[in-house]
Amino acid sequence: FPEAVLKTKDFEVCYQTNQRRKTESHIHNEITEVTLVVSGRVLTNGKIYTSGDIYVLEPGDVSQTEYLEETTVVTIKTPSIPTDKELL
């Protein structure tokens with residue numbers, strides 16, 4: 001994440017507020033992403049997550065995400081590999 005609040009070779013942590021939008025579908029081949037929804041609603045891979053929900057995307061999982069309203073999340077990626085994102 002360019003806006004990561006903490007980044008090492010082992011992990012990165014990002015706190016961000018996203019406006020209503022769809023993101024580009026992608027996969028990570030090596031990265032695991034753990035996301036905590038702080039506020040708002042997000043549709044990821046066919047399931048809606050709201051405040052307090054946590055979801056995990058393992059390596060190889062497709063990420064299809066739509067922020068249904070302004071949504072704040074904290075996401076941890078491990079390991080931190082900036083080039084490990086393949087758009088679908």
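Biologist: Why is lysine 9 called exposed?

Modeller: Exposed means over 50% relative accessible area, buried under 20%, and partly exposed in between, with a 1.4 Å probe and protein chains only. Lysine 9 has 64% relative accessibility, so it counts as exposed. This is a predicted model: local features need pLDDT of at least 70, side-chain atom pairs count only at pLDDT 80 or more, and totals for chains, interfaces and linings use all residues. Residues are numbered from 1 along each chain as its sequence is written, and side-chain values use heavy atoms, with hydrogens and water left out.

Biologist: And what is aspartate 10, exposed or partly exposed?

Modeller: Aspartate 10 is partly exposed, because its relative accessibility is 43%.

Biologist: What makes lysine 9 and aspartate 10 a salt bridge?

Modeller: The term asks for a side-chain nitrogen of Lys or Arg within 4 Å of a carboxyl oxygen of Asp or Glu. In this pair the closest N and O atoms are 3.3 Å apart. That is within 4 Å, so the label holds. Side chains of opposite charge can pair when their charged atoms come close.

Biologist: How many salt bridges are found in the whole structure?

Modeller: The search finds three. Glutamate 33 and lysine 77 form one of them, at 3.8 Å from N to O. Glutamate 33 lies in strand 5 (residues 32-39) and lysine 77 in strand 11 (residues 71-78), so this pair links parts 44 residues apart in sequence. Strands here are DSSP runs of E with at least two residues, numbered from the N terminus; helices would be H or I runs of at least four.

Biologist: Are those two residues buried or exposed?

Modeller: Glutamate 33 is buried, because its relative accessible area is 10%. Lysine 77 is buried as well, at 11%.

Biologist: Which residue forms a salt bridge with arginine 41?

Modeller: Glutamate 69 does, with the closest N and O atoms 3.2 Å apart. Glutamate 69 sits in the loop between strand 10 (65-67) and strand 11, and arginine 41 in strand 6 (residues 41-44), so the pair ties together parts 28 residues apart in sequence. Glutamate 69 is partly exposed at 33% relative accessibility. Arginine 41 is partly exposed at 32%.

Biologist: How do you know that strand 5 and strand 11 pair?

Modeller: Two strands pair if DSSP finds at least two bridges between them. Strand 5 and strand 11 are joined by seven bridges, so they pass; they run antiparallel. Serine 39, for instance, stands opposite threonine 72 in strand 11. Strand 5 is also joined to strand 8 (residues 54-57), antiparallel, by four bridges. There, glutamate 33 faces leucine 57.

Biologist: What else pairs with strand 11 over seven bridges?

Modeller: Strand 2 (residues 12-18) does, in the antiparallel sense. Valine 13 has isoleucine 76 as its bridge partner in strand 11.

Biologist: What makes strand 3 and strand 7 edge strands?

Modeller: An open sheet of four strands has the order 3-10-6-7, with antiparallel pairing. Strand 3 (21-22) and strand 7 (47-50) each pair on one side only. Strand 6 and strand 7 share four bridges, and valine 42 stands opposite tyrosine 49 in strand 7.

Biologist: Which residues make up the largest nonpolar core?

Modeller: A nonpolar core is a set of buried Ala, Val, Leu, Ile, Met, Phe, Trp, Tyr and Cys residues joined through side-chain atoms within 4.5 Å. The largest has seven: Val37, Val42, Tyr49, Tyr55, Leu57, Tyr67 and Val73.

Biologist: Where is proline 79, and what is its peptide bond like?

Modeller: Proline 79 is in the loop between strand 11 and strand 12 (86-87). The bond from threonine 78 to proline 79 is cis, with omega near -10 degrees.

Biologist: What phi does asparagine 45 have?

Modeller: Its phi is positive, about 50 degrees, although asparagine 45 is not a glycine. Most residues other than glycine have a negative phi, and most peptide bonds are trans. Asparagine 45 lies in the loop between strand 6 and strand 7. Asparagine 45 is partly exposed, because its relative accessible area is 37%.
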